[in-house]
Structure formats: structure tokens, C-alpha cells
Amino acid sequence: MYKNINFLSNLGNSKRPGLHKIRNALSFFGNPHLKLNNCILISGTNGKGTVANSLGNIFARAGCRTGLYTSPHLIKINERLKVNGRNINNKDLDYALGRVIRLCSKEKIKLSYFEVLTCAAILYFYKKKTDINIFEVGLGGKFDATNVVNSDMAIITNIHKDHMEYLGRTIELIAKEKAGIVRRNGNLVTSADKKGLNILVSDAKRKRAAVFLEGVDFSINKTGSGYYYESNYRTMELESNLLGNHQMHNLALAVHASEIFNERYDLGITTRNIQNALKNIFLPGRFQMVSKNPMKIIDTAHNVHAILNLVKNLKIFLKGKKIDFLIGMLKDKRPKECIKIIKEISNIIYLVNVPSSRSFNASKLSKTLNDSNIRFVPDDGMQKIINSKNPLIITGSTYLIGHLLDKHMQYALRDGRIIP
């Protein structure tokens, strides 16, 4: 029924970096990417989605009509385009995609999956007359399709080694790619550190951009059973149903970005707006408990840095106990290193293939590791592991989590929505 949504799924990724094709396509629509109000770009190795959704919630609570573009999705592509927290419906998505696809066919412009979808998001937000538009970078920054928008602010969460085949083999090279979203005379808010931070600050100074650093301009600190946020604008207690200490740093980034925007545009954001927006935020797949008895937790940790955070949080959460893991990863995410990290707190590690052409070979890896506590599980054996009475952590890939929620974990869904 929705032929353009179906057509999109057949498109591949871009093989050559550059923004000229997407800019060319958008020019035929009157350059809506240059007319969107108050754009924010968010990059970083991990935490981008949390920051984007948190920031979107804050602005929406303050009465701003907020467009939010994120990636990837867990189950349905509609999850990627939101206005005030509501997913785009199939009719509107198919229409926006159709405009882009027909234009590309007519003008012989070859865009990738992400470029077509980004164009559709820009057209949708422009049509909806959004007050603020938040774009999560897909990959890197400098040449990412989202970088066509005129952004008032760049947020960079952290910088670690990931997507090295595209962004470079060193932290310095990766940081340079991500710094590409910082605009001349713009704003940069970041929690990056060490070598990555040095590159970002140097680039920002060259562009005469204002820089706001965690630990200098704002901070989040644990005191007793709670967390306190502090900046020049306010000091307040922060509560959130997001589990994991690392998430509080992501929330702090979102809060400070909202404070800067609030000062510049007089949006009327109050401390209560911020606290209410973050207290009840729900992000599926981020250390999400989908069953309490037996305990089943899903987490989209998909690279070494994210796995380290997951294990760190599980050590606190499990109070020294060990637990079973079901893991599926993409082959370029250093799965051996990730499994080595997880072994410290695991009883048994079940390896499964990810529903992606980029999946590691779970059977081959289990044989290579030659460990009786690391076992390959074929596709038709996953349901038994998931339904067992043993506590279980499922992690390693957004593709895996989305697939399981859609096909194998229907008890975690209600009316197509993941139950918090």
C-alpha cells in the first residue's frame, strides 16, 4: 500500500562522502533545509539518541513545536521522524518520501537510503512549521546528510573508536569528522574528553564558536541516592527512569543545550519543564527491563565503549551476581573484545546471528573462542532462551533488539508500542 516506504527499503548506503547530491535535490524544493527554524545537530559515538530525545522532550514541555529526526529505528521506520514526540504516520511518511523519490527519478539524482529519508524529514518538518528541529547525525558529521541544515548548535556526546572504516583509525581523525557539524560563530556543547576534546576545542576556536564543556560550564554529580545538575543557570535535582550512570551525563548535555537556547530565544523553559521532561522519559532498548520475573533486560549497546558502560552498570545493578547473556553483533564492532568484557559478569554467553548482512558469524566465532560457556544458538533456538526462567541480558546490536521485540518478545509490546 505504501509503495514509497517499500521502495526506500531497497536503497543502499552512500559509497562516496559528500553533500552535493542532497543539496542538489533539496534545491528543487526551494532549499527548505536552509529555512528550517532553530536547528540542532547531535553527533558522538554513543548517547546521541538519548540526548536527542531528552532535548526534544524538554522543548515540547515548554510549548515549542519540535521536530526530531533520529536513527536507526528499532521496529518501524516511522520512529525516526517525530513532531512533539509523535511518530510520523505512514500516509505522511509515504507522501514525503514520494516527493523525493519522484524528484530524484526525474532529475536523475542518485541518493542513498539515508539521504532520501533525511530529505523527507526536512520536507516534513518544514511543512509542519516546527519551532525547533533536532537532527541526530547518522555517521560522523562532516559529510553526513543531516549536515546540510543551518544549525545554531552542535552537540557532541563523546568520541571513541567506532565506524573506523569510514571515519579513520584514530581518535584524532574521528574527532575531526565529528567537528564538521560545528558552525562558524555557532555553539558547541560536549562531554568529550582527552584527545577528542582537544581536536573539538581547536576546531571550534578556529570557527569562533562558543564552547560549553561538561565539568567546566555544567556538571552532573551523584549525591547519596540522587543526582544534581549544576550550571550558571540553575542547580537542581534530576530524576529519570533511564537506568545507568552514563545516561545522567547524556541528560546533562540535553539540559545545558536547552538552557543556552532558552537564553538566546527566550523560550520560557522552566526548571519544572526540564525535570518533568526527563523524569518520565522512555527510550526503548536502553537498559530496558522488559520482564521482572524472570528478569530480562534489553540494551542496544553495540560497540566497545557502550559494552563497557553496560557492564559497569550491571555490576552495580546485579550487586556482584553473574547472569546469562544473549549477544548478536555486527562483524565490524570488535565482537571478540566485547565478549571478553562481558565474560567478567556472565554465566553463559549465547551467540546469535544478527538479521543483517553485516552480522558476525555466531557459529564460527563460538568455535574460535572454544569456551564451554560461550555457545552458538541458531535462529530457531532463540525463543527457548528468551522464554527460559533464567535472568537474561540481551545486547549487541540495535538490529537484534528490534528484531526480537518484533518477532520473539511480543509480551514486551502492546498495541505496537513497547511497554515501559
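Helices, of at least four residues, and strands, of at least two, are DSSP runs numbered from the N terminus. The structure described here is a predicted model.

**Positive phi values and cis peptide bonds**

K129 is found in the loop between helix α5 (113-128) and strand β5 (132-136). Its phi is near 55°, a positive value in a residue other than glycine. K129 has a relative accessibility of 66% and therefore counts as exposed, the threshold for that class being over 50%. D266, likewise not a glycine, has a positive phi of about 50°. This residue is placed in the loop between α9 (245-265) and α10 (271-279), and D266 is exposed, with a relative accessible area of 66%.

Two cis peptide bonds involve proline. The bond from S71 to P72 has omega near -10°, and P72 lies in the loop between β2 and β3 (81-83). The bond joining N293 and P294 has an omega of about 0°; P294 is in the loop between β12 (288-292) and β13 (295-299).

**Buried residues and their polar contacts**

Which residues does Y69 touch, beyond those up to four places away in sequence? They are R80, L81, F114, L117, T118, A121, F125, I134, F135, E136 and T146. Y69 belongs to strand β2 (residues 66-69) and has a relative accessible area of 1%, so it is buried, the limit for that class being under 20%. The side chains of Y69 and T118 are joined by a polar contact of 2.9 Å. The C-alpha atom of Y69 is separated by 18 Å from that of G402, which is 333 residues apart from it along the chain.

S359 and N158 are both loop residues. S359 is found between β15 (346-351) and α13 (362-369), and N158 between β6 (151-156) and α6 (164-167). S359 is buried, with a relative accessible area of 14%; N158 also counts as buried, at 13% relative accessibility.

Not counting residues up to four places away in sequence, S359 touches M329, L330, K331, N353 and V354. Under the same exclusion, N158 is in contact with G44, T45, N46, K178, A192 and H305.

| Side chain | Partner | Separation |
|---|---|---|
| Y69 | T118, side chain | 2.9 Å |

**Helix packing**

The axes of helix α7 (residues 171-178) and helix α8 (residues 194-206) come within 9 Å and cross at roughly 40°. That angle makes α7 oblique to α8. The crossing of α7 past α8 is right-handed. On the α7 side, I171, E172, A175 and K176 take part, and they meet K195, G196, I199 and L200 in α8. By class, this contact of α7 with α8 has four nonpolar, one polar and three charged residues.

How far apart are the axes of helix α11 (residues 304-318) and helix α12 (residues 335-343)? They are 10 Å apart, and the helices pack at an angle of about 10°. Helix α11 is therefore roughly parallel to α12, a description used for angles under 35 degrees. V304, I307, L308 and V311 of α11 make the contact with E337, C338, I341 and I342 of α12. The residues of this contact divide into seven nonpolar, no polar and one charged.

How values were computed. Residues are numbered from 1 along each chain as its sequence is written. This is a predicted model: local features need pLDDT of at least 70, side-chain atom pairs count only at pLDDT 80 or more; totals for chains, interfaces and linings use all residues. Side-chain values use heavy atoms; hydrogens and water are left out. Buried means under 20% relative accessible area, exposed over 50%, partly exposed in between (1.4 Å probe, protein chains only). Contact means heavy atoms within 4.5 Å. A polar contact is a pair of N or O atoms within 3.5 Å; within protein, one must be able to donate a hydrogen and the other to accept it, and residues adjacent in sequence count only if both atoms are side-chain atoms. Axes are lines fitted to C-alpha atoms, for helices over the stretch in contact, and angles run from 0 to 180 degrees between N-to-C directions. Angles under 35 degrees count as roughly parallel, over 145 as roughly antiparallel, 65 to 115 as roughly perpendicular and the rest as oblique. A crossing is left-handed if the near helix is turned anticlockwise from the far one by less than a right angle, and right-handed if clockwise. Ala, Val, Leu, Ile, Met, Phe, Trp, Tyr, Cys and Pro count as nonpolar, Asp, Glu, Lys and Arg as charged, and the others, Gly among them, as polar.
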